[in-house]
Amino acid sequence: MSEQDIKWSPSSVRCPLCNGAVPSRRAQRSIPLYDGSGGEVWGETSVLTFDYGRYRPGTVYRGIRKEWFQEGEEILGVCECVFKAAFEEKCQEINMSPGLAGKSFVDFEVCEENEEAYRSCVEFSLSFSADTARGIGIHGPTGVGKTHLASAIICQILMDQIKRGENCSAGFFSVPNLLQELRWHRAGDAVTEEQEIFQQLSDREIVVLDDLGVDKLSDQQRGQLFLIVNERIIKEKPLITTTNIDPRQLDRVLGERVADRLLEACSWYQIKGQSRRRSI
């Protein structure tokens, strides 16, 4: 049956989460929409808009998959609360704190001292794909918005992929906390937990290493950071890095091997100015 054979009439269904109206349209036709579970059924999804008879809704991220059946009803839009719920669940999954999960490019105060870094981060997040290999490095003094931009990148990518019905594996790690956790596992001889952390850091599509170089590192910690950065370069997976240190001086704190890999892994941008926390 062609598009011309379908007669549409305006209709509406209710969002399964907030009960708000969701735009939809009713199809008057005598054949089933698709074979959903081995039998002929009418169906629609609140996540995907699709053409009748052309393809079936694909598998989408479990946090936003909301299906129900109403004869001849096609969902034309998705309530924002559905996406918000999926986004919040995803942020919890990657251990991103609520404060960082609320960061966006919209509420970032752009000025001459941070404009280049801001625009580069926005462009990176909007163009991000499975083929993206080179990441972003942001350096500057404390309190100028480095972590805000790194968080906004992750949040933008997660929400975009959720709305496309994709499942992005991301990670947000505070380097001081990460190294402390690795130290605890090593002290307790918890090899399995340590391996799982390294696996997450190397396999996830995009990873943030926040506050790099804040603490003085031991040779063992430098070796751990080298493994993390080098593995992501080998697997061509991007890394978002924030640091108070000029990238040309990273070798003094992180060692030459780690610094060299970070310069290769990221395009670096500087934010100047005074701490916004102090002004607040």
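Biologist: Which residue is the bridge partner of leucine 212 in β11?

Modeller: The bridge partner of leucine 212 in β11 is threonine 243. Please keep in mind that this is a predicted model, in which local features need pLDDT of at least 70 and side-chain atom pairs count only at pLDDT 80 or more, while totals for chains, interfaces and linings use all residues. Residues are numbered from 1 along each chain as its sequence is written, and side-chain values use heavy atoms, with hydrogens and water left out.

Biologist: What makes β10 and strand β11 (residues 239-243) a pair?

Modeller: Two strands pair if DSSP finds at least two bridges between them, and β10 and β11 have 4 bridges, in the parallel sense, so they pair by that rule. Leucine 209, for instance, stands opposite threonine 241 in β11. The strands themselves are DSSP runs of E with at least two residues, whereas helices are runs of H or I with at least four, both numbered from the N terminus.

Biologist: How many bridges join β8 to β11?

Modeller: β8 is joined to β11 by 4 bridges, and the two run parallel; isoleucine 136 stands opposite isoleucine 240 in β11.

Biologist: What is the order of the strands in the open sheet?

Modeller: The open sheet has 5 strands in the order β9-β10-β11-β8-β12, with parallel pairing. Its edge strands are β9 and β12 (266-270), each of which pairs on one side only. Strand β9 is joined to β10 (residues 206-212) by 5 bridges, with valine 207 in β10 as the bridge partner of glycine 171.

Biologist: Why is β11 called mostly covered?

Modeller: Buried means under 20% relative accessible area, exposed over 50%, and partly exposed in between, with a 1.4 Å probe and protein chains only; in β11, 5 of its 5 residues are buried. Leu239, Thr241 and Thr243 point one way from the strand, while Ile240 and Thr242 point the other way. In a regular strand the side chains alternate between the two faces of the sheet. For β9 (residues 170-174), 4 of its 5 residues are buried, and that strand too is mostly covered.

Biologist: Which helix lies across β8, β10, β11 and β12?

Modeller: That is helix α9 (residues 256-265), which runs at about 90° to β12; such angles run from 0 to 180 degrees between N-to-C directions, with axes fitted to C-alpha atoms, for helices over the stretch in contact.

Biologist: Why is glutamine 221 counted as buried?

Modeller: Glutamine 221, which is found in helix α7 (residues 219-234), has 6% relative accessibility, and it counts as buried because this value falls under the limit of 20%. It touches Leu179, Arg183 and Lys216, not counting residues up to four places away in sequence, where contact means heavy atoms within 4.5 Å. Other buried residues of α7 include Leu225, Phe226 and Ile228.

Biologist: How do you know that the span of α7 is close to the expected one?

Modeller: The expected span of a helix is 1.5 Å times one less than its number of residues. Helix α7 has 16 residues and reaches 22 Å from its first C-alpha to its last, close to the 22 Å expected. After α7 comes glutamate 236, whose phi is positive, near 55°.

Biologist: How many helices and strands does the protein have?

Modeller: The protein has 10 helices and 12 strands, and buried residues make up 46% of its 280 residues.
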